[in-house]
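Let's take a walk through this model together, one region after another. Have the viewer open and follow along.

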Amino acid sequence: MTSRIVLTYEDYAALPNDGKRYELHEGELSLMGAPSLRHQLIIGNLYVILRACVLASGQGQVLLSPFDCIMSDITVLQPDLLYVDETRRRLLSERALEGAPTLAIEVLSPWSRHIDRHRKMLLYAKHGVECYWIVDGDAQTIDAYRLEADGNRLDARLEGPTPRALPPFPDLLLDPAAIWA
């Protein structure tokens, strides 16, 4: 019988600064592939839109990856974008978000599609992330999930040309043309 080595945040923090992005999924080290140009453009567009909304309201903080979300001593994730509302702002430190964001956003890449839709969705739910967006640049959709007692439930979908609001931003109409540009 082989035993599994479970890595901790201390092990993660001690990794060499080799220019690669890593996450810790329940004690297992996961190497994240480099994002494509399209992936980065979509993240940038969403960041500009969300940051303007959050700045106008004066409520919370929007952050870009790479920024650690230390969910537990054995789970450290780096969502592409994250939003922390005022109730969770106290969890922000210089080194990381020490807990769950209000919203985690993952933009799908060919290498991350399965991880983002399955493994990370379960980890975000397990650690209390209220809202999770999966952004598919190829399909030009955003699936917005909301945390419920039994896991994540698809709450809304942005698709096609019509602007729509997604949780946790009920007053922000997201314009697809501005996201996919």
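Gln140 is a handy place to start: this residue sits in the loop between S8 and S9, where helices (H or I, at least four residues) and strands (E, at least two) are DSSP runs numbered from the N terminus. Gln140 isn't a glycine, yet its phi is positive, at about 55°. Its relative accessible area is 35%, so Gln140 is partly exposed; the scale here is buried under 20%, exposed over 50% and partly exposed in between, with a 1.4 Å probe and protein chains only.

Before going further, some housekeeping. This is a predicted model, so local features need pLDDT of at least 70 and side-chain atom pairs count only at pLDDT 80 or more, while totals for chains, interfaces and linings use all residues. Residues are numbered from 1 along each chain as its sequence is written, and side-chain values use heavy atoms, with hydrogens and water left out.

Back to the backbone. Glu26, in the loop between strand S1 (21-25) and strand S2 (28-32), also has a positive phi without being a glycine, near 50°. Glu26 is partly exposed, at 30% relative accessible area. Most residues other than glycine have a negative phi, and most peptide bonds are trans. On the peptide-bond side, check Ser65 to Pro66, which is cis with omega near -5°; Pro66 belongs to the loop between strand S3 (61-64) and strand S4 (69-72). The bond from Pro167 to Pro168 is cis too, with omega near 10°, and Pro168 falls in the loop between strand S11 (164-166) and S12.

Now for the inside. A nonpolar core is a set of buried Ala, Val, Leu, Ile, Met, Phe, Trp, Tyr and Cys residues joined through side-chain atoms within 4.5 Å. The largest one has 25 residues, and Leu46, Trp133, Ile142 and Ile179 have the most contacts inside it. Several elements supply at least two residues each, including helix H2 (37-57), strand S8 (131-136), strand S9 (141-148) and helix H4 (176-180). H2 gives the largest share of this core, six residues. Who does Ile179 touch? Setting aside residues up to four places away in sequence, Ile179 touches Ile42, Asn45, Leu46, Ile49, Ile142, Leu158 and Leu174, a contact being heavy atoms within 4.5 Å.

Beyond its neighbours within four places in sequence, Met71 is in contact with Leu77, Gly99, Ala100, Pro101, Tyr124, His127 and Val129.

Next, the charges. A salt bridge here is a side-chain nitrogen of Lys or Arg within 4 Å of a carboxyl oxygen of Asp or Glu, and by that rule there are 16 of them. In one, Glu98 meets Arg95 at 2.9 Å, N to O; Glu98 is partly exposed at 32%, and Arg95 is partly exposed at 44%. Another pairs Arg113 with Asp138, with the closest N and O atoms 3.6 Å apart. Because Arg113 lies in helix H3 (residues 113-126) and Asp138 in the loop between S8 and S9, this pair ties together parts that are 25 residues apart in sequence. Arg113 is partly exposed at 30%, while Asp138 is exposed at 66%. Asp155 and Arg153 also form a salt bridge, at 3.1 Å, N to O. Salt bridges that share partners join Arg113, Arg117, Asp136, Asp138, Asp143, Arg157 and Glu159 into one network.

Last stop: the largest pocket, with a volume of about 290 Å³. On a 1 Å grid over the protein atoms alone, a pocket is an open set of points where a 1.4 Å probe fits, with protein on both sides within 12 Å along at least five of seven lines, and lining residues have an atom within 4 Å of a point. Grid points are joined across faces, edges and corners, and the volume is the space filled by probe spheres set on them. The lining has 14 residues, with Tyr12, Leu15, Pro16, Lys20 and Tyr22 nearest the centre. Helix H1 (9-13) and S1 each supply at least two residues, and H1 gives the most, with three.
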